[in-house]
Amino acid sequence: MKFSAPKGTRDLLPPETAAWQHAEHVFGDVCRRFGYGEIRLPTFEQTELFQRGVGDTTDIVQKEMYTFPDKGGRSLTLRPEGTAGVVRSYVENGMASWPSPVRLYYAITAFRYENVQKGRYREFHQFGCEAIGAAGPAIDAELISLLQLFFAQMGLAETKLRINSIGCPVCREAYQALLRDWLKPHLPQLCDNCQDRFVRNPLRIIDCKETRCQAVTAQAPAQADHLCADCQAHFDGLQHQLNVLGLSYVIDRRIVRGLDYYTRTVFEFVSEHVGTQGTICGGGRYDGLIETVGGAPTPGIGFALGVERLLMELDAQGIQTPPAPTPVLFLAIAGDHEDEARRLCFRLRQAGLAVETDLLGRSLKAQMKYAGKSGTRYVLVLGDDEAASGSGRLRNLETRAETEVRLDQLEQHLLEA
Ligand code: ATP
Ligand code: MG
């Protein structure tokens with residue numbers, strides 16, 4: 001029997017994993033500059049947390065969750081996103097008493113039962129941030145500036161920021177009524193899903209990816225043109241703050257985001273390079289969410305970035321990430337000197353150097369061939385002469401230059417090289 005990775009999952013192998021490590025490192029570094037601390041959470045949660053926290057009418061909860069009963073009869077779900085778990089943890093751990101705003105970041109795997117295609121997997125990776133406890137637009141802009149800086153540090157200058165406001169429960173109710181009235185005569189042209197959304201959550205129709213639905217909604221009234229005074233002030237404030245920071249953006253009245261908990265600010269970073277799945281990153285404000293999962297009313301804002309899509313974008317733009325490190329030295333063995341070679345190798349590794357030696361009893365010629373392929377910078381052959389004299393010739397494989405070095409000073413030499 002042959003096994004293969006389950007549909008929609010991927011093995012990440014070296015040297016590709018070096019790009020992942022680089023992205024994780026840069027993300028963590030940028031987050032720390034903004035005062036975000038890393039949070040690590042369980043991979044699965046009670047199903048009800050997502051039903052409430054993501055929202056019963058969303059595609060995620062309706063169609064995409066990996067939900068299973070455990071042996072104790074509890075219904076559990078592999079996390080389809082990170083925010084619900086963070087907010088659960090915020091409430092459970094009493095973070096309301098921490099200095100406000102509480103700033104958290106994460107790097108997680110997420111699971112959604114989706115149609116697998118380019119940039120769309122069933123297990124995928126997200127980087128995310130959540131800032132909980134600040135209501136004004138300054139934190140929205142700060143969070144967006146964190147993302148801009150992250151993209152810039154990754155070498156992505158071209159990514160486009162789109163922002164919108166989807167109001168609050170007060171102005172959304174009036175807008176939903178307006179939207180329903182407007183959509184009613186166009187109902188027959190909409191897809192089956194949108195027929196359903198019309199009843200449950202008409203706002204989501206604006207978000208539909210079907211071309212025929214997009215053709216209908218192109219002219220539909222937008223929430224951003226029907227905000228209450230407070231939401232309008234917040235949206236104006238956000239634009240002012242983005243201008244203050246010199247960040248460019250476009251207002252896209254069609255962004256509504258797929259999750260139920262968003263209020264006011266929503267934003268996306270999009271690109272043309274990641275297939276039909278143009279969104280690399282999406283985020284928004286969720287002022288009602290903490291209450292929904294049992295906390296005191298508390299404002300919050302966050303984003304999640306798809307790491308697969310980020311790396312696709314880097315690739316499409318030809319941006320190189322630092323390559324996987326290769327050993328600095330291959331210690332070849334001529335004759336009966338395995339023990340000395342392994343001891344020397346371990347000593348060099350203890351000194352912090354990446355080195356390799358032969359473990360397969362290969363001929364010297366085969367060892368040299370292996371060293372050439374491994375990308376190592378230097379080779380040193382340990383044979384009778386070297387063992388007897390305590391020194392050997394360090395050969396630079398690139399320049400072919402050779403230097404005589406004492407074996408007991410090899411680490412200093414390589415560390416300085
Ligand atoms: P989409 O509209 O592409 O389905 P979404 O609105 O469902 O995205 P979010 O829930 O906002 O996505 O997740 C944030 C980010 O996670 C997305 O912008 C995307 O980069 C990434 N993402 C979401 N679903 C997947 C998936 N199935 N495979 C890979 N990346 C994904
Ligand atoms: Mg989706």
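A polar contact is a pair of N or O atoms within 3.5 Å. That cut-off applies to the ligand contacts described below, which belong to a predicted model.

**Ligand 1**

| Residue | Protein atom | Ligand atom | Distance |
|---|---|---|---|
| Arg112 | polar side-chain atom | oxygen of ligand 1 | 2.8 Å |
| Arg309 | side-chain N or O atom | oxygen of ligand 1 | 3.0 Å |
| Gly306 | backbone N or O atom | oxygen of ligand 1 | 3.3 Å |

On its own, ligand 1 has 580 Å² of accessible area, and the protein covers 92% of it. The shell around the ligand holds 16 residues, of which Arg112, Glu114, Tyr121, Lys209 and Arg257 come nearest. By class, the shell divides into six charged, five polar and five nonpolar residues.

Which strands supply at least two residues each to this shell? They are E6 (123–132), E10 (279–285) and E11 (300–306). The most comes from E10, which gives four residues.

**The three-stranded sheet**

An open sheet is built from three strands in the order E2-E4-E3, and the pairing is antiparallel. Strands E2 (44–46) and E3 (66–69) are at the edges; each has a single partner strand, so one side of each has no neighbour in the sheet. On average, and with direction ignored, neighbouring strands here are turned by 35 degrees against each other.

E4 covers residues 75–78 and is joined to E3 by four bridges. Within this pair, Tyr66 is placed opposite Leu78 of E4, and Pro69 has Ser75 of E4 as its bridge partner.

Gln46 is found opposite Leu76 of E4.

**Backbone exceptions**

Most residues other than glycine have a negative phi, and most peptide bonds are trans. Against that background, a few places in this model may be listed.

Where are the cis peptide bonds described here? One joins Pro14 and Pro15, with omega of about 5 degrees. Pro15 lies in the segment before helix H1 (16–33). Another cis bond joins Ser100 and Pro101, with omega of about 0 degrees. Pro101 belongs to the loop between helix H4 (83–92) and strand E5 (102–111).

A further entry concerns phi. Arg264 is not a glycine, yet has a positive phi of about 55 degrees. This residue is located in strand E9, which covers residues 263–270.

**Domains**

The domain assignment of the protein gives two entries. Domain 1 is written in two segments, 16–168 and 228–316, while domain 2 covers 329–416. Between the C-alpha centres of domain 1 and domain 2 the distance is 49 Å.

Definitions and conventions:
Residues are numbered from 1 along each chain as its sequence is written. Chains are lettered from A and ligands numbered from 1 in the order in which they are written. This is a predicted model: local features need pLDDT of at least 70, side-chain atom pairs count only at pLDDT 80 or more; totals for chains, interfaces and linings use all residues. Side-chain values use heavy atoms; hydrogens and water are left out. Two strands pair if DSSP finds at least two bridges between them. Axes are lines fitted to C-alpha atoms, for helices over the stretch in contact, and angles run from 0 to 180 degrees between N-to-C directions. A residue is near a molecule or strand if one of its heavy atoms lies within 4 Å of it. A polar contact is a pair of N or O atoms within 3.5 Å; within protein, one must be able to donate a hydrogen and the other to accept it, and residues adjacent in sequence count only if both atoms are side-chain atoms. Accessible areas come from the Shrake-Rupley method with a 1.4 Å probe; for residues, only the protein chains shown count as cover. Ala, Val, Leu, Ile, Met, Phe, Trp, Tyr, Cys and Pro count as nonpolar, Asp, Glu, Lys and Arg as charged, and the others, Gly among them, as polar. Domain bounds come from an automatic or database domain assignment.
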